[in-house]
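Trainee: Could we go through the fold of this chain together? I would like to begin with the strands and then turn to the helices.

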Amino acid sequence: GVGDGPRSGFLFVGRLSQEKGLPTLVGAAALLPGTVRVAGDGPLAAIVQAAGQKGDVEVLGHLDKAAVFDQLRGATAMVLPSVWFEGLPVSVLEAYATGTPVIASRIGSLAEVVMDGFTGLLATPGDDGDLAARLRWASEHPAEMREMGSNARREYETSYRGGVHLNALLDTYQRLIGASRRST
């Protein structure tokens with residue numbers, strides 16, 4: 001369900017890769033040591049491990065779904081600093097389902113799904129300092145973040161649950177398929 005208990009820190013869940021913005025995440029985390037938890041595996045695991053040894057991030061490794069939901073329920077926000085256009089990441093829906101706002105890059109569909117100041121915050125892709133500024137603001141404004149989490153949960157209930165979600169997803173896929181056909 002929704003996380004109504006105390007929340008702190010930020011959670012990244014996903015593939016530890018360039019396109020997911022891991023270098024940006026690690027750079028931002030160095031400016032706010034100890035506030036970012038990183039779950040997942042991938043080609044950039046070594047830079048995450050190194051950041052973990054410095055105490056910049058907490059390395060969680062690969063988590064199963066139940067553990068991911070537990071982590072989400074205790075996080076101020078989920079952070080998605082992608083630098084590559086993505087479709088609708090399932091992780092955003094998982095965050096919204098647990099009433100967790102999302103701090104994401106202003107890029108592709110992320111900029112449509114994450115409503116800046118309403119269900120989360122948007123940061124400039126690839127800009128460590130801008131991401132750190134958003135994380136810092138979120139840390140200093142727990143009440144506003146909680147409100148955004150409630151909005152995110154409502155958004156999940158009204159837009160993404162059940163049939164509505166399936167239709168929204170299919171529409172998104174159709175749009176993306178059309179866009180990729182046009183650009184090739």
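Trainee: What kind of model is it, and how are residues numbered?

Mentor: This is a predicted model, in which local features need pLDDT of at least 70 and side-chain atom pairs count only at pLDDT 80 or more, whereas totals for chains, interfaces and linings use all residues. Residues are numbered from 1 along each chain as its sequence is written, and side-chain values use heavy atoms, with hydrogens and water left out.

Trainee: In what order do the strands of the sheet run?

Mentor: The order is S3-S2-S1-S4-S5-S6, an open sheet of six strands with parallel pairing. Strands (E, at least two residues) and helices (H or I, at least four) are DSSP runs, numbered from the N terminus. Two strands pair if DSSP finds at least two bridges between them.

Trainee: Which are the edge strands?

Mentor: They are S3 (57–61) and S6 (120–123), each of which pairs on one side only. From one strand to the next, the twist averages 25°. Such angles run from 0 to 180 degrees between N-to-C directions, with axes fitted to C-alpha atoms, for helices over the stretch in contact.

Trainee: How many bridges join S1 to S2?

Mentor: Four bridges join S1 (residues 10–13) to S2 (residues 36–39). Val 13 stands opposite Ala 39 in S2.

Trainee: And what about S4 and S5?

Mentor: S4 and S5 pair in the parallel sense over three bridges, and Leu 80 has Ala 104 in S5 as its bridge partner. Ala 104 in turn has Leu 122 in S6 as a bridge partner. Four bridges join S5 to S6.

Trainee: At what angle do H1 and H6 pack?

Mentor: Their angle is about 55°, and their axes are 8 Å apart. H1 and H6 are therefore oblique to each other: angles under 35 degrees count as roughly parallel, over 145 as roughly antiparallel, 65 to 115 as roughly perpendicular and the rest as oblique.

Trainee: Which residues make that contact?

Mentor: Among them are Leu 25, Ala 28 and Leu 31 of H1 and Leu 131, Leu 135 and Arg 136 of H6.

Trainee: How does H1 pack with H2?

Mentor: H1 and H2 (residues 45–54) pack at about 5°, with axes 10 Å apart. That makes H1 roughly parallel to H2. The contact is made by Leu 22, Pro 23 and Val 26 of H1 and Ile 47, Val 48 and Ala 51 of H2.

Methods. Contact = heavy atoms within 4.5 Å.
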